[in-house]
Each structure stands twice: as C-alpha cells, then as structure tokens.
Amino acid sequence: MLIYVTLLIVSAAIAAGLTKIVRDTANKSGLAFAPDSSRHVHTTPIPRLGGVAVFFTFLVISLLYWVGVRFGYIHQAHSFALLYVCIPASALFVVGLIDDLCGLNARVKLAAQVLGGTFLYFRGFRLACVHSLFDNHILGATVCFALTVGCVVLICNAINLIDGLDGLAAGAALFSMVTIFTFASVNGRHGSALAVTILAGANLGFLFFNFNPASIFLGDSGSLFIGFMLSGLVMSESGLQTDSLHSVLVPIISLALPLTDLTLAIIRRYLSGHSLFGADREHIHHKLLALGLSQRQVVCVLYAVSALCTVLSLMFLYPSRLVAVPVVGILALFFFFGIRRLKYQEFSELERFALRVRQQKQVAASNIALLKAVEQLKGTHKANKIIVILELCLRRDFDGFRIHLDPGHWLTIDFDDQPTREIERFWSVNDRHDHLVLSMNLITPRFGKIGRISLEHSADERLMGDSSLLQGEFRRSLCLALEQCIITMPEELAGYNEKAMAHKA
C-alpha cells in the first residue's frame with residue numbers, strides 16, 4: 001500500500017508543477033482562449049491545455065516506475081500489460097490537443113475513439129464475459145467487439161461532455177478511479193491499481209488549478225486521454241468478473257453521472273432535431289446553474305452524486321445478485337427524480353409520447369370509427385343520415401359539431417325537407433366556455449368552397465384520433481356527401497331569407 005500512496009503523492013506534486021508551467025506558458029504565448037459560445041460559463045480567456053500536464057505526468061511516472069522495476073531499483077514487479085492501453089490513449093491525447101489548439105471535426109475524434117477501441121479489443125482488453133452469453137462463437141465475438149468499442153466511445157464522450165464547470169470532469173473521474181482501484185487491489189491486479197493510482201495523482205495535481213475559480217481547463221486532450229484510460233482500466237477488470245451482470249453494472253454505476261449526462265444529451269438532441277455532435281447549454285451542470293446554484297455549489301452537488309455512485313458500485317466487491325436489485329433500484333430512483341427536478345422540456349414531450357402509447361387502444365378505436373365513417377359517407381345522400389354518421393364517429397373525441405355554409409353561394413342543405421345553412425349537434429354537457437375548436441373548410445368538386453365544419457372538444461381532453469385522417473379522407477368524404485344534399489336557391493329568395501333571418505335575430 002505504501003507504494004500506491006507514494007506514487008499518488010509524487011504524481012500529484014509533479015502534475016501540479018507541470019500544470020503551473022503549462023498555464024503560465026499558455027498565457028504568455030496567447031493560447032488562452034476567450035469563451036466562443038453561449039455554453040461556456042467563464043468570461044475571461046483561460047488556457048485549455050491542462051490535459052498536457054495530466055498526460056505527461058502519467059507518462060513520466062509510468063516510465064520511471066517501469067525503469068525502476070527493470071533495473072532492480074524497485075523490487076515489487078507488476079504486470080505491464082496496461083502499457084498497451086497507453087499507445088491508443090496517447091493517440092487520443094494528440095487528437096484532443098489538435099482540437100484544443102486549432103479545432104477538429106467531431107467525426108474525426110469519433111473515428112479516433114473507434115480505432116482506439118478496436119486496438120484494445122485485439123490486444124485482449126474487452127468485455128470478455130459477453131462471450132458466455134452466446135452459443136455461437138462468431139456472434140459472441142461480434143457482440144463483444146461492438147460493446148468494447150461502444151464502451152470506449154461512451155466513456156470518452158461522457159468525460160468530455162461533463163467537462164463544463166471548473167473541476168467537474170477531473171473530480172468526477174477521481175471518484176470513478178476509486179472504484180477501479182478498489183476492485184483492482186482486491187482482485188490482485190496490481191498493474192491496474194498502479195496505473196489508476198498514477199492517473200488519479202495526475203488528476204489531483206491538476207485539480208489544484210482547475211477547481212473554481214479555475215486558471216486552466218482540462219481541454220479535449222485531457223478529457224479524451226482520461227476517458228480512454230478509464231475505459232481501458234474498466235475492461236481490464238471486467239475480464240475477472242465471473243458474473244456478466246456485475247461486469248456491466250460496476251462500470252455503469254461508477255461512471256453513472258457522466259454516462260447519464262451523455263445519455264440525456266443524446267436523447268435531448270434527438271428529440272429536438274439537433275445534431276448529436278453539436279453543443280448546447282442543457283447539460284446537468286447548466287440546469288443546476290439555472291436553478292440558482294453557484295459554480296462551486298453545482299460542483300459540490302455533483303461530487304456528492306459521484307461519491308454516492310462510488311459507494312454503490314463498491315457493494316459489488318463480493319458479487320451477489322441479491323445486491324444488484326436494491327443498488328440499481330436506489331440509483332434509478334435517485335436519477336429519475338433528480339432529472340425530473342431539472343425540468344427538461346424534451347422529457348415532458350417524451351412523457352406525452354409514453355401516454356399516447358398507453359392510450360393506443362383508444363387511438364385505434366377513434367381511427368377505426370373515422371375510417372368506418374369515410375365508407376358510410378360515400379353512399380349517403382341525406383343530411384339526416386350524415387348527422388347520424390358524424391355523431392357516431394366523432395363522439396369519442398368531440399363534444400359536438402357545427403356545419404355552416406357560406407351565404408355568398410346561395411346554397412342550402414336539404415335537412416328534414418327544409419333548406420338550412422347551418423346544422424349543429426352537441427351531445428356533451430361540458431362547459432362550452434372551456435373548449436377548443438377544430439375548424440375545416442368544406443370544398444366540393446361542383447361548388448368549390450361551400451363553408452366549414454367546426455368540431456368542438458374539451459380543452460382538458462386529449463385528441464385521440466389521427467388529425468391527418470380527420471383532415472384528409474374524412475373531410476373529403478364529408479364534402480362529397482354534403483354535395484349530394486345541397487340545393488341552390490334563387491337569388492331573390494336567398495336575399496329574402498337573409499333579411500328574414502336578420503329581422504328574426
């Protein structure tokens with residue numbers, strides 16, 4: 001244990017020194033960037049090259065330790081298989097650094113992550129337990145490969161997206177490292193424990209300058225490097241888990257905060273019709289800021305959430321399926337009610353969609369009634385029959401209807417052998433002052449626009465029927481049926497009727 005404490009302290013000290021050097025050099029060289037979009041919460045130019053200090057701290061300490069073991073200066077030899085993780089991680093660092101300095105297309109960064117995940121898979125870092133779920137070896141290997149690459153992409157982007165407030169990404173990653181270190185130590189994986197200790201020390205040293213008020217940011221170089229290292233360390237431990245459920249749950253729970261933020265971002269942007277690779281000011285930390293919390297308060301709240309996730313993940317140290325149910329249940333309820341407090345409008349729409357799914361039987365019944373009305377109206381030539389058909393098909397969704405013909409055409413409907421320009425029928429006693437009206441023009445092949453039909457329904461009720469069906473096939477069939485019931489009036493008689501109606505009114 002002494003070696004881990006020593007490495008943590010040395011790494012933190014070197015990272016702090018390197019971070020100060022990088023920060024001062026960037027400020028003098030004009031590499032401190034002002035906020036360039038509304039999603040940024042800082043107001044002054046700040047360098048975003050903190051990943052340089054984290055990367056070189058990890059690289060230097062790892063090399064020194066390896067040299068010490070190689071030449072006998074350190075007598076506690078460990079497995080160095082994790083050096084394979086450093087190769088693609090270094091490539092991701094370079095990709096992120098280019099993005100920090102001059103900008104890079106999001107798809108290029110995604111391609112780099114996929115290539116890195118592919119490298120890990122063929123070097124043996126994979127969710128190996130997935131194979132046991134399939135009898136077909138090829139199918140199991142394919143699924144394992146997809147999940148391995150997906151794990152890398154998800155964790156890299158999760159750390160990258162949560163890097164929006166001073167100290168948030170580095171601090172959240174530290175809590176995840178506690179879980180990985182604990183599992184590695186208990187399972188005797190000293191190589192993984194060593195790597196995560198050095199990475200944690202580098203993070204900790206950088207955090208001295210990154211906590212609010214930050215004087216340097218992690219940048220894509222740091223977030224992609226840390227995210228990739230975490231994904232490699234997670235997969236190095238997953239192969240030891242005999243239970244496939246636990247091997248999946250542990251990394252998900254330990255990284256629950258950044259993964260939740262990433263998942264929310266994907267769902268939000270998809271529902272809103274925005275690019276999945278775009279940026280916005282709707283992340284969890286932005287929502288907490290909008291609730292009136294300060295930057296420090298938001299970071300402390302999310303640190304507490306990360307700590308809770310770490311504690312819950314450690315409950316899987318001694319695997320038991322009985323543990324999975326309460327842990328997952330507690331975490332799910334916590335995040336569910338927490339997300340509801342953030343008041344995402346996209347999820348209000350998702351709730352309405354879920355309600356429509358539950359009401360699908362009623363929707364189908366309304367649509368079937370409209371389709372039956374379409375067929376019945378085709379063979380109808382009497383206004384009385386039209387009224388009966390309309391009442392039967394519209395009763396589910398509406399409180400009543402009114403058909404009104406325009407006076408300029410001198411047209412009337414033959415209703416009960418009496419000419420009339422307006423027919424209405426209401427079968428509900430709902431408050432007529434609190435209703436919505438759907439009005440549709442009535443257009444026939446012979447007379448053109450003859451008037452309109454107004455459908456009324458309660459403002460508190462959902463419209464179940466398909467509006468496109470109502471405005472399309474149903475309206476056309478109604479117009480053709482009404483055309484058969486229309487009679488024309490001589491202009492003189494029409495004028496007399498107008499005066500009589502006005503006098504009566």
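Reader: Is Ile-9 buried or exposed?

Author: First, the cut-offs: buried means under 20% relative accessible area, exposed over 50%, and partly exposed in between (1.4 Å probe, protein chains only). Ile-9 is exposed, at a relative accessible area of 55%. This is a predicted model, where local features need pLDDT of at least 70, side-chain atom pairs count only at pLDDT 80 or more, and totals for chains, interfaces and linings use all residues. Residues are numbered from 1 along each chain as its sequence is written, and side-chain values use heavy atoms, with hydrogens and water left out.

Reader: Where is Ile-9 found?

Author: In helix α1. Helices (H or I, at least four residues) and strands (E, at least two) are DSSP runs, numbered from the N terminus. The chain has 18 helices and nine strands.

Reader: Which residues make the nonpolar surface patch?

Author: Start with the rule. Patch residues have over 30% relative accessible area and no salt bridge; like charges are joined within 9 Å, and nonpolar side chains (Val, Leu, Ile, Met, Phe, Trp, Tyr) within 5 Å. Areas come from the Shrake-Rupley method with a 1.4 Å probe; for residues, only the protein chains shown count as cover. Here Met-1, Val-5, Leu-8, Ile-9, Leu-204 and Phe-208 make a patch of about 590 Å². The elements giving two or more residues to this patch are α1 (2–28) and α7 (190–210). Helix α1 gives the most, with three residues.

Reader: What about a buried helix residue?

Author: Take Gly-50, in helix α2 (residues 50–70). Gly-50 is buried, with a relative accessible area of 0%. Contact means heavy atoms within 4.5 Å. Not counting residues up to four places away in sequence, Gly-50 touches Phe-206, Ile-216, Phe-217 and Leu-218.

Reader: How do I read strand β8?

Author: Begin with burial. Eight of the 11 residues of β8 (residues 448–458) are buried, so this strand is largely enclosed by the rest of the structure. Then look for partners. Two strands pair if DSSP finds at least two bridges between them. Strand β3 (residues 400–405) runs antiparallel to β8, with six bridges. Strand β7 (residues 435–444) is also antiparallel to β8, with 10 bridges. A hairpin of three residues joins β7 to β8.

Reader: Which residues stand opposite Ile-453 in β8?

Author: Ile-403 stands opposite Ile-453. Met-440 is also a bridge partner of Ile-453.

Reader: How many salt bridges are there?

Author: A salt bridge is a side-chain nitrogen of Lys or Arg within 4 Å of a carboxyl oxygen of Asp or Glu. The count is 11. One of them joins Lys-109 and Asp-99, at 3.2 Å from N to O. Lys-109 is in helix α4 (residues 106–122) and Asp-99 in helix α3 (residues 83–102), 10 residues apart. Both are buried.
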